Amino acid sequence: MKQSVKLIVGNWKMNGLAADLTGAVAEMLADLSARPASVRAGLCPPATLIDRMVRAIEGGLIEVGGQDCRVETKGAFTGGVSAEMLADAGATMVILGHSERRQEFGESDALVSEKVGAALRAGLMPIICVGETLAQREAGEAVSVVRSQILGSLSDQLAGQDWALAYEPVWAIGTGLTPTLEQIAEIHAAARAAMVERLGEGGRAAPILYGGSVNPANARDILAVAEVGGALVGGASLKAADFLAIIRAA
Ligand code: PEP
């Protein structure tokens with residue numbers, strides 16, 4: 001079933017300087033006056049750019065989000081950024097549990113679940129990432145890994161809230177590889193079942209984004225797959241023309 005509003009979110013990762021706001025983002029904004037009504041779009045730049053991006057986007061055609069937050073509100077956590085700080089800078093959403101954070105910073109499902117609570121406390125929409133590694137897929141464990149990550153990373157507090165899940169196979173992130181449409185459909189169906197298993201009926205409404213090497217050439221087909229409610233886009237979100245093409249494909 002095709003959902004009516006697709007959520008397309010760009011993850012800039014550790015890329016972007018102030019100059020990009022007058023380049024790439026200005027180009028997107030100029031074009032997005034004709035944004036399709038069926039799309040909700042967000043961009044998650046490094047925390048240093050959130051405030052400036054919010055000002056650049058004035059008018060709200062694209063929402064701005066963070067890429068991570070700490071669980072705590074404030075305190076002696078050198079280098080940390082709280083959900084409240086993201087919201088204070090103008091963010092409305094935050095990516096949590098991205099595989100790069102799970103792998104590089106050892107973030108566990110339990111920590112991600114706590115971060116979900118922090119995001120909701122600050123009024124941010126959590127976008128919770130899950131996905132299997134290549135070894136896990138090759139071992140036939142993709143469905144069970146994703147189910148287990150969902151059961152562990154969600155929080156009871158999500159029921160009735162504005163949130164999204166993002167299925168991002170680790171082996172598809174930044175590699176140019178993508179699962180087949182059938183594989184995407186299989187995992188998204190399993191993810192929905194796990195969301196309902198975890199939250200009851202409260203697990204039915206949140207969109208499930210697909211993420212991993214989405215580009216203008218494959219976006220339309222991927223976004224048409226059952227239970228694909230949008231896309232989380234890394235590399236292609238750094239190029240205004242590509243991100244716009246993906247938004248238009250939704
Ligand atoms: C991501 O990092 O969330 C991502 C999907 O990256 P890419 O689109 O570059 O594969």
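Lys13 lies in the loop between β1, residues 6–11, and α1. I begin there because at 21% relative accessibility Lys13 counts as partly exposed, the limit for buried being under 20%. Lys13 is not a glycine, and yet its phi is positive, about 50°. Most residues other than glycine have a negative phi. Please keep in mind that this is a predicted model.

Where does Ser213 lie? Ser213 is in the loop between β7, residues 208–211, and α10, residues 219–223. Ser213 too has a positive phi without being a glycine, here about 60°. Is Ser213 buried or exposed? Ser213 is buried, with a relative accessible area of 17%.

Ser213 also leads us to a pocket. The second largest pocket has 17 lining residues, and Ser213 is one of those nearest its centre, together with Gly174, Val214, Gly234 and Gly235. The volume of this second largest pocket is about 210 Å³. Its lining divides by class into 5 nonpolar, 10 polar and 2 charged residues.

Thr178 sits in the loop between β6 and α9, the latter being residues 181–199. Thr178 is partly exposed, with a relative accessible area of 32%. From Thr178 to Ala249 the separation is 71 residues in sequence and 17 Å in space, C-alpha to C-alpha.

Let me turn to the largest pocket. How much space lies in the largest pocket? The value is about 710 Å³. The largest pocket is lined by 29 residues, and Gln67, Asp68, Arg101, Phe105 and Glu107 are the closest to its centre. Two or more lining residues come from each of α3, α5, residues 99–104, and α6, residues 109–121. By class, the lining of the largest pocket holds 12 nonpolar, 7 polar and 10 charged residues.

Helix α3 spans residues 47–57, and its buried residues are Leu49, Ile50, Met53 and Ile57. These residues lie on the same side of α3, because they cover an arc of only 120° around the axis. Which exposed residues does the face turned away from the buried side of α3 carry? They are Thr48 and Arg55. On the buried side, the packing partners of α3 are α1 (18–22), α2 (24–31), β2 (39–44), β3 (63–66) and α4 (83–88). After α3 comes Gly59, with a positive phi near 115°.

Ala24, Val25, Met28 and Leu29 are buried in α2. Their arc around the axis is only 130°, so they lie on the same side of α2. The cover over the buried residues of α2 includes α1, β2, α3 and α11, residues 240–249.

For a buried position in a loop, consider Leu154. Leu154 is placed between α8, residues 142–153, and β6, residues 164–167. Leu154 counts as buried because its relative accessible area is 0%, whereas the cut-off is under 20%. Which residues is Leu154 in contact with, leaving aside neighbours within four places in sequence? The contacts are Ser113, Ile128, Trp163, Leu165, Met195, Arg198 and Leu199. Leu154 and Ala19, by contrast, are 37 Å apart in space, C-alpha to C-alpha, and 135 residues apart in sequence.

I close with the chain as a whole. The protein chain contains 11 helices and 8 strands. Of its 250 residues, 49% are buried. Among contacts with a separation of 6 or more, 73% join residues 24 or more positions apart. Along its principal axes, the C-alpha trace spans about 45 × 45 × 30 Å. What radius of gyration does the protein chain have? The protein chain has 17 Å, and this agrees with a compact globule of 250 residues, for which a value near 18 Å would be found.

Notes:
Residues numbered from 1 in each chain as written. Predicted model: local features only at pLDDT ≥ 70, side-chain atom pairs only at ≥ 80, totals over all residues. Heavy atoms only, no water. Buried < 20%, exposed > 50% of the residue type's maximum accessible area, 1.4 Å probe, protein only. Helix = DSSP H or I, 4+ residues; strand = E, 2+ residues; numbered from the N terminus. Arc of directions from axis to C-beta. Contact = heavy atoms within 4.5 Å. 1 Å grid on protein atoms, 1.4 Å probe; cavity = no way out; pocket = protein on both sides within 12 Å on 5 of 7 lines; lining within 4 Å. Points joined across faces, edges and corners; volume = space filled by probe spheres on them. Nonpolar A, V, L, I, M, F, W, Y, C, P; charged D, E, K, R; others polar. Rg over C-alpha atoms; globule rule 2.2 N^0.38 Å.
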